Amino acid sequence: MIEVLDVYYTYPNGFTALKDVNLTIDRGECVAIMGENGAGKTTLIKHFNGLLKPTKGTVIVDGNNTKDLSVAQLSRKVGLVFQNPDHQFFSETVEEEVAFALKNFGFQEDEIKRRVDQALERMGLTQYRQNSPFNLSGGEKKRLAIASVVVFNPDYLILDEPTIGQDYLQKLEIIDIIRSFLKEGKTVVIVTHDLEFVVDLRPRTILMSQGRIILDDTADKALSNLKLLDEASLLPPQITELAYRLFNSPSLEGILDEKDLMEIVKPLIIRRMKQ
Amino acid sequence: MMRVFEGLRFRRIESPIHSLDPRSKAVFLLVLSALSILYSDPLTLTVLLIIQIPLVCIARVVKFWLNSLRGSAVLMVFIFGVNFLTSYFYVGGFTLEGLTMAAAMTIRFVTLIGAFSLFFLTTTPEDLSLALEKLKIPYDICFAFTAAMRFVPDIALEAQSIMDAQKSRGLELEKGKIIQRIRNTLPILVPLFIRSFQRSLELAEAMESRAYGAIKKRTSLYELKMSKNDYALITFSIIFMLIVVIIKSF
């Protein structure tokens, strides 16, 4: 369990990025954190593995205060995949890149080999294992970045903007990967701007704006709350927008994709046809 | 260490010092540097340091200026230590001269850091480039110079992101033996260099698509002009230099 209690964070330049943030993430949950640029999303997730320590308040991971552990120790549990893969690759081959974290955590040689094989297979990178990480395409780089973290099998997987620069098929692949983690009982936290992605995954959704959490609810409720979405500089999904215009009712909830809309529209059409 | 870079970064503040021509500020910088290298008694060097303070105050960059001095504190201690120990073993004991000498070397370092910090804190990279052009330095070189200055804060930010990413993959930078720590900087330096190369290639493409180098003779939107204040600073610098030289020759 990750507990964030009354957390404030002020950067050395004086900018306060988090204000009075309270949040509990249970084992096995899937959570999306959304909000405008500069809302504090990345600052918040950097607290989960201790890269940042709160200026005020506490962050507790499985009973341990993050102030008492080093980032390397916390990362064993909380795997954080950063936005820009170019900010981490340094090895000559894809294989070595994936093995890096395992070597840091002191795994045995044969265990490293087994896990690297498994992670490459899972991310569909096996055929590139001898290639240079720098020669991969954008989508492959992103998958390699994820592989280099999931390889040490952390209990919590935190993904910062996993869908940026990915086409729709690649997004679906990432959704599949996330679903398979959830099935294993892992906790997945995703920072994203991508509405389509959230609509497909339907996680618990947290909206942030100007360093505060302004909503923490189901995706159905969060993405139907036009007022708060606007506050977090997000547009509602197009289907939700369409439903509002069709029915002109502010109490609609949870109409996020075409299936949701069909459920409401179909009986209406059938009724009209019978008349 | 980051603090030293911060102390060299331009701050957009309106002050009489900021609006000076970079060439007159360069004369002042040159005079201070030359004198502080020429003379090595603590008193002269202290005067060279103190003379900067009014200018720092007028430029309203006291905080940043002190920050860059503080950032180089480790080096100051190192310089003092090395000089003191050298004299200690050379003369074979604790002497007043040894102490004075070590103090002088440290003050010289502070004076130089202060002078350069004052110059860069108050001079925009664009002005600097214009000044270099006026000195008949080819534009390509001026541009490379200002681009390098401009990217320092970006690279510092990027280094931070890279450190965060590698720490998140279990790289221990907070503990460990010194040799291990040095070896552990490799996963930081490699991506940093590769990103820098990528960035310069991207910059080159972006510049070429905006017709960089299409015309041999460039004209400037802003022209540097010397004002009364500039001539005042240059005159002051020269007179100050003459006074110091004359006093020191007796």
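**Exercise 1. In which loop of chain A does Asp194(A) lie?**

The structure is a predicted model, in which local features need pLDDT of at least 70, side-chain atom pairs count only at pLDDT 80 or more, and totals for chains, interfaces and linings use all residues. Residues are numbered from 1 along each chain as its sequence is written, while chains are lettered from A and ligands numbered from 1 in the order in which they are written.

Step 1. Asp194(A) is found in the loop between β8 (187-191) and α7 (195-201) of chain A. Helices (H or I, at least four residues) and strands (E, at least two) are DSSP runs, numbered from the N terminus.

Step 2. Asp194(A) counts as partly exposed because it has 19 C-beta neighbours inside 10 Å. A residue is buried if 20 or more other C-beta atoms lie within 10 Å of its own, exposed if 12 or fewer, and partly exposed in between, with C-beta atoms placed from the backbone.

Step 3. Thr205(A) is eleven residues from Asp194(A) in sequence, and their C-alpha atoms are 12 Å apart.

**Exercise 2. State the strand order of the open sheet in chain A and identify its edges.**

Step 1. The order of the four strands is β2-β1-β4-β5 (chain A), with antiparallel pairing. Two strands pair if DSSP finds at least two bridges between them.

Step 2. β2 (16-25) and β5 (64-65) of chain A each pair on one side only, which makes them the edge strands.

Step 3. β4 (residues 56-61) of chain A is joined to β5(A) by two bridges; Val61(A) has Asn64(A) as its bridge partner in β5(A).

**Exercise 3. Describe the side of chain A that touches chain B.**

Step 1. Contact links 23 residues of chain A with 20 residues of chain B. Two residues are in contact if their C-beta atoms, placed from the backbone, lie within 7 Å.

Step 2. On the chain A side, α2 (71-75), α3 (94-104) and α5 (138-150) are the elements that give two or more residues.

**Exercise 4. Characterise helix α11 of chain B.**

Step 1. Helix α11 (residues 186-208) of chain B has 23 residues. From first C-alpha to last, α11(B) reaches 33 Å, close to the 33 Å expected at 1.5 Å a residue; the expected span is 1.5 Å times one less than the number of residues.

Step 2. Pro187(B), Ile188(B), Pro191(B) and Arg195(B) are buried in α11(B).

Step 3. The buried residues of α11(B) pack against α9 (139-167) of chain B.

How values were computed
Ala, Val, Leu, Ile, Met, Phe, Trp, Tyr, Cys and Pro count as nonpolar, Asp, Glu, Lys and Arg as charged, and the others, Gly among them, as polar.
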